Amino acid sequence: MTQDALASAAVAGPAGSAAPAGGSAVPGSSVLGGSAEPGSAVPAGPLVTVTDLEVGYVRRRRTVPAVRGVSLTIARGETVALVGESGSGKSTIANTLIGLLPDNARVTGGTVTFDLGGGSGDGGGGNSGRDSGDGDGDGGGARRVEVVGARERVLRGLRGRVVSLVPQDPMVGLNPTRRIGAQVAESIRLRGVNGDQVRAEVLEFLTQAGIDDPELRARQYPHELSGGLRQRVLIAIALAGRPQMIIADEPTSALDVTVQRRILDHLEGLVRESGISLLIITHDLAVAADRSDRVLVLQDGSIVEQGVPGRILVNPEQEYTRRLIAAAPGLAHGGRIVPRLVLRPDEVTTPDPVILLENLTKRYPLPGRQSGSFLALDDVSLQVARGRTHALVGESGSGKTTALRLALGLEKATSGRVLLDGVDITDQGWRQTRPLRRKVQLVHQNPFASLDPRFSIGRSIIEPLASFGIGDRRSRRARAVELLDQVALPASYLDRLPAELSGGQRQRVAIARSLALEPEVVLLDEPVSALDVSVQEQILALLRDLQERLGLSYLFISHDLSIVAQISHTVTVLNRGKVAESGAVAEVFGSPRSEYTRELIEAIPGQRSAALSAGAGVPVHA
Amino acid sequence: MTRYILGRFAQALGVLWAAYTVTFAVLYLLPSDPIALQLGAAGIETDKLTPAELHTAKARFGLDRPILEQYFSDLWGFLRGDLGESIAKQQSVASLIGDRLAPTLSLSLAAAVVALLAGTALAYLASYVRWRPARLVLTRLPSFGASFPQFFIALVLIQFLSFNLGLLPATGIRGWKSLVMPTITISILVASQLAAVLMRSFDDTLSQPYIVTARAKGLSRAAVQWHHGLRNALLPATTILGVLVGLTVTSSIIAETVFSRNGIGKLAQEAVLAQDVPVVLAIVTLAAAIFVVVNLVVDLLYPLLDPRIVQGQRKEVTI
């Protein structure tokens, strides 16, 4: 029951343990955020109390535990981060809190209690009547609601109005066939608001979530909005129920770093202002440390460590926590981005690059209109030197993917040249370039989508061999075993299906497949952005190792500079189709000349906390 | 938008022309002697005719012209609404079809509407019900319904509703009552096919992340399924709507035969048996026209159902 003790200690006074120098991350200051519920008597106890929670999933008639005896509390106005790898049970805890566990989940023990205080829970006033009118079964008086074992009616009363959710992926989190306004309005109507007031509140909440021109946005459909705007709409929906707590489930991992930073800043400001509690679910300790008052580290369904970010970063008790810190590049060197690979200035350009893009321009005609076109790439030149890694960095829409498609010969450039291994492929047809194609292979961003779910791992890996007619059945199988070995997977995986593998293992398979034809260059399209930070590190290490052993060249596409620093020799920063800056990684990141590069560097999570711990004079990571 | 609609219309006309041409080619280029076939349909035995008589007989039905000329003159006739003359019945094809069109249209329409509603309702219910036994029964219903031959359903219906209970007339066309059993016969199959597709579609839709968003707002399961599930689940099913209407039309041939309804289906059956080429050609073209119109309507409705479709093109999601 040490966890109990830990949890209550943390509630009583998290500041009691090593108060860090930074100030902004000191929990005491934010808990005070008294503007939350003016006038109403704020109960002293925590908003949520979780005691000995046990949750399992039923698989083949057996219950596999996912959460084992977790106890935690979240105070009013407090921001708590749950950190752990996939499968650590963090999302299960979040789903239990909001009563949205999947059908095959079973709560096998423990309690989850919301203390809603005596009065109406919402700080907004005006609509407070709905709370008491909703009758949760336990009458008025003490407003404590137990979630475990509660009926759907009770849970529905909690959702949206007490706890709301900002889901993980904004691209799929909104109903594609309803207007934004209607989707926000639903949350407002559930509070009993009617008529013209609904419309006014829709605009109000959209504005609160930081959306310009809310009148226009309310009329639009989700597909007309960017990912960042959609995430803001989801935040508006979460706010619209006037909840006391918001659960943000990996709130930004699907977004560009700069957008991620702006949205997290905004969300942080909102909860501080309104006294809403925030529970952040993340695999990235850097995000957790930057944003929360208190960090809970989860491993295999148990809380292994908790405390204020300063304490956790400076003085981690668990090996697991140390691993998570090491995996977050933003935390590793006191917030500075330190490139792993350093080149001499004269090594930056090479006379004989394996890929050379020369003055590439790509224009797409805009659909529907007669005139006008979109300039995706504007006079972009870059080269990939043999045996080295060149990174192409930028946000969505910067032209990274277009450049990649041109380099692969999948699309024709409007002007400019593409040279593969010294051969101009710009004006060549598919048939002429096919032999060259063996030299260039691609690894996709999402290992969950890039493997055919019906192909065994072995079949996926030897598919390139089969399509080029290389070898016979036996030699291909032998090659598949060899390739699996190169990516550190056992030969027994040959007959498995992708569904049986984790994300990291699948990405290893995808890498093995790309190596089947012994290419000279591998194009890596955000190869780790769909993976947990700790797995990212392993995949990057594998890629570095393969480069050393096989002499591979990489063109590495990413929006995350901290990852680029881990693997690249040289880098080109793209901004709206133009080259903002290029050169050796150490030089570009060390003294960025363009404002845009600086912005990207500042957006890397973890710097705030890293600076904090560095300020304490303790090296975080050797 | 108008450009899109005009384009779709042109495409529809193209499909119609192709259907007519293929049917014409199949009927006239069969390895048998089409002229003897058709004259035989008119009760004239070509073997017993003198060459002069044969020539007049051919001239009477316009069969003495070269095949291409026949094709173009028949096509021109079709475009003006002149469907030619039935060889077996010595009557204009247009009036033959006109007489039989109303009962078939009312049957097909009734069957299509019933099948659409029943199939959607079944799938909606199956994905809403939580109680496992009920859910199991509901999800098995489509394959059960689709596995009975239509003539068998028709005979069972006649046995019970007409002969045993005497509720409905077994055959003929007498008001709405005679429409009930053929409608049920057709719509069981069509509804089953639709429900099978929709059930999968509901499963997919209700496991989408935006459903979690909707539930997290505090909406009831019923509200989530109605406001966020239904429309999105219907979208993929609209693509098979054209196929299902085609199925309704072909099913009406069986239904009309079993229930002795004097409709297009029965006419088609008679025409094929009598090898009455102009009638068969007209009916096939009519069926193709119905098919084309339904698909055109679906295409034009699609942008209204799915806001992501603009001017007939799906907006590509950038990777």
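**Exercise 1. Is A:Arg549 buried, partly exposed or exposed, and what is its relative accessibility?**

Before the solution, some conventions: this is a predicted model, in which local features need pLDDT of at least 70 and side-chain atom pairs count only at pLDDT 80 or more, while totals for chains, interfaces and linings use all residues. Residues are numbered from 1 along each chain as its sequence is written, chains are lettered from A and ligands numbered from 1 in the order in which they are written, and side-chain values use heavy atoms, with hydrogens and water left out.

Step 1. The classes are set by relative accessible area: buried means under 20%, exposed over 50%, and partly exposed in between (1.4 Å probe, protein chains only).

Step 2. A:Arg549 has 47% relative accessibility and therefore counts as partly exposed.

Step 3. Its partner in a salt bridge is A:Asp545, at 3.1 Å from N to O, where a salt bridge is a side-chain nitrogen of Lys or Arg within 4 Å of a carboxyl oxygen of Asp or Glu. A:Asp545 is partly exposed as well, with a relative accessible area of 34%.

Step 4. A:Asp545 and A:Arg549 are separated by about one helical turn, because they are four residues apart in helix 20 (residues 533–550) of chain A. Helices here are DSSP runs of H or I with at least four residues, strands are runs of E with at least two, and both are numbered from the N terminus. An α-helix has 3.6 residues a turn, so residues three or four places apart point the same way.

**Exercise 2. Find salt bridges that link distant parts of a chain.**

Step 1. In chain A, the side chains of A:Glu602 and A:Arg261 meet in a salt bridge with an N to O distance of 3.9 Å. A:Glu602 belongs to helix 23 (residues 595–602) and A:Arg261 to helix 10 (residues 257–274), and the two residues are 341 residues apart.

Step 2. A:Glu602 is partly exposed at 44% relative accessibility, and A:Arg261 is partly exposed at 32%.

Step 3. In chain B, the closest N and O atoms of B:Glu270 and B:Arg100 are 3.5 Å apart in a salt bridge. This pair joins helix 12 (residues 264–273) to helix 5 (residues 93–128) across 170 residues of sequence.

Step 4. B:Glu270 is partly exposed, with a relative accessible area of 26%, whereas B:Arg100 counts as buried at 11%. Elsewhere, salt bridges that share partners join A:Asp265, A:Glu268, A:Arg272, A:Arg291 and A:Asp293 into one network.

**Exercise 3. Describe the surroundings of A:Gln441.**

Step 1. A:Gln441 lies in strand 16 (residues 440–443) of chain A, and with a relative accessible area of 14% this residue is buried.

Step 2. Leaving aside residues up to four places away in sequence, A:Gln441 touches A:Ser514, A:Leu517, A:Pro519, A:Val521, A:Val522 and A:Leu523, contact meaning heavy atoms within 4.5 Å.

Step 3. A polar atom of the side chain of A:Gln441 lies 3.3 Å from the backbone oxygen of A:Arg437.

**Exercise 4. Characterise the interface of chain B and chain A.**

Step 1. On the two sides, 25 residues of chain B are in contact with 29 residues of chain A.

Step 2. The rule finds three salt bridges across this interface. A:Asp103 forms a salt bridge with B:Arg130, with the closest N and O atoms 3.0 Å apart.

Step 3. On the side of chain B that touches chain A, the elements giving two or more residues are helix 9 (209–216) and helix 10 (221–238) of chain B. Helix 9 gives the most, with six residues.

Key. A polar contact is a pair of N or O atoms within 3.5 Å; within protein, one must be able to donate a hydrogen and the other to accept it, and residues adjacent in sequence count only if both atoms are side-chain atoms.
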